[in-house]
Amino acid sequence: MKTNKTKIMGIINANEDSFFKNSRFYDSNAVIKIEKMINDGADIIDLGGVSSRPGSIAVSVEEELRRVKPIIDLIYEEKLYEKVKFSLDSYEPKVLDYALCKGFSIVNDITGLENEEVCKVASKYNAEVIIMHMQNNPENMQQSPEYKNVLLDIDNFFKQRVEKAKSFGIKDIILDVGIGFGKNLEHNLTLIKNLNYFSHFGFELLMAASRKSMINTIVESTPEERLPGTIAIHLESIRNGASIVRCHDVKEHFQSIKVQEAINCIEIL
């Protein structure tokens with residue numbers, strides 16, 4: 001049974017090729033959006049400078065830092081990190097080091113701590129780490145993904161990476177099954193329905209399905225049209241053990257979650 005308060009993680013992208021164009025912000029515009037997300041009920045803000053959508057191609061470390069540095073600097077100058085937690089969606093040690101020394105406290109690593117240097121940087125700052133599962137890489141992950149058993153395979157991955165994290169002294173861990181990262185629709189739905197399967201690790205579970213293409217596979221829709229499907233997935237995930245939802249639409253999620261909590265407080269007669 002989930003006991004953690006549900007936290008909302010708002011998404012800010014500092015790149016031109018993120019799949020949802022309305023999540024792209026730059027410099028002072030990003031800070032305005034961040035402040036709005038905080039007022040709308042965000043507990044965490046997740047900043048990313050590189051797209052990880054299917055088919056995307058990685059950029060240089062220098063380019064990633066060039067994109068996120070102005071926003072990180074403004075967050076630090078405005079001391080916004082005193083209001084909410086900030087995470088960086090990155091697997092580049094140099095970029096993560098810069099963010100963590102400027103008030104960020106969470107490493108959101110889509111490679112699930114593949115790089116030992118990321119582990120060292122996270123440990124250096126005593127940062128919280130999100131371990132996400134991804135099969136292959138963003139360039140090819142959606143080319144006929146296969147599993148012997150999607151729950152067991154991801155469970156084994158988490159066991160290995162949690163052990164790795166602990167070996168570097170990392171204690172605060174969040175697990176993310178990686179919806180859409182090397183999974184077909186059946187894999188995604190199985191993970192959502194059986195999210196509690198991973199609760200035995202004793203860590204918070206994050207669900208990140210905001211406006212993703214799995215919704216289009218069920219009901220044909222553009223990213224701009226997928227808010228209802230997003231909320232349906234995230235509310236179901238909360239019922240099944242998620243305590244963090246990563247989303248583009250903080251205000252709408254805040255209302256939906258509060259209504260769900262009010263319903264859950266009433267006993268069945």
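Is aspartate 40 buried or exposed? In this predicted model, aspartate 40 is buried, because its relative accessible area is 17% and the cut-off for buried is under 20%. Let us see where this residue sits, who its partner is, and what the rest of the chain looks like.

**The chain as a whole**

The chain contains nine helices and eight strands. Its radius of gyration is 17 Å, close to the 18 Å that the globule rule gives for 269 residues, so the chain is as compact as a globular protein of that length. Along the principal axes, the C-alpha atoms fill a box of roughly 55 × 40 × 35 Å. Buried residues account for 54% of the 269 residues. If you take contacts between residues at least 6 apart in sequence, 70% of them join residues at least 24 apart.

**Charges and their pairs**

You can count 33 positive and 39 negative side chains here, with the centres of the two sets 2 Å apart. Side chains of opposite charge can pair when their charged atoms come close. The structure holds 16 salt bridges, and the table shows some of them.

| Pair | N to O distance |
|---|---|
| Lysine 7 and glutamate 204 | 2.9 Å |
| Lysine 36 and aspartate 40 | 2.7 Å |
| Lysine 193 and glutamate 236 | 3.5 Å |

Now back to aspartate 40, whose side chain meets that of lysine 36 in a salt bridge. Both residues lie in helix α1 (residues 27-40), four residues apart, which is about one turn of the helix. Lysine 36 counts as partly exposed because its relative accessible area is 42%, a value between the cut-offs of 20% and 50%.

Lysine 7 is partly exposed at 23% relative accessibility, while glutamate 204 is buried at 15%.

The side chains of lysine 193 and glutamate 236 form another salt bridge. This pair links distant parts of the chain, with lysine 193 in helix α6 (residues 185-193) and glutamate 236 in helix α8 (residues 227-239), 43 residues apart. Lysine 193 is exposed, at 56% relative accessibility.

Salt bridges can also share partners: in this way Asp46, Asp89 and Arg246 are joined into one network.

Definitions and conventions. Residues numbered from 1 in each chain as written. Predicted model: local features only at pLDDT ≥ 70, side-chain atom pairs only at ≥ 80, totals over all residues. Heavy atoms only, no water. Salt bridge = Lys/Arg side-chain N within 4 Å of Asp/Glu carboxyl O. Buried < 20%, exposed > 50% of the residue type's maximum accessible area, 1.4 Å probe, protein only. Helix = DSSP H or I, 4+ residues; strand = E, 2+ residues; numbered from the N terminus. Rg over C-alpha atoms; globule rule 2.2 N^0.38 Å. Contact = heavy atoms within 4.5 Å. Lys, Arg positive; Asp, Glu negative; His and termini not counted. Charge placed at Lys NZ, Arg CZ, Asp CG, Glu CD.
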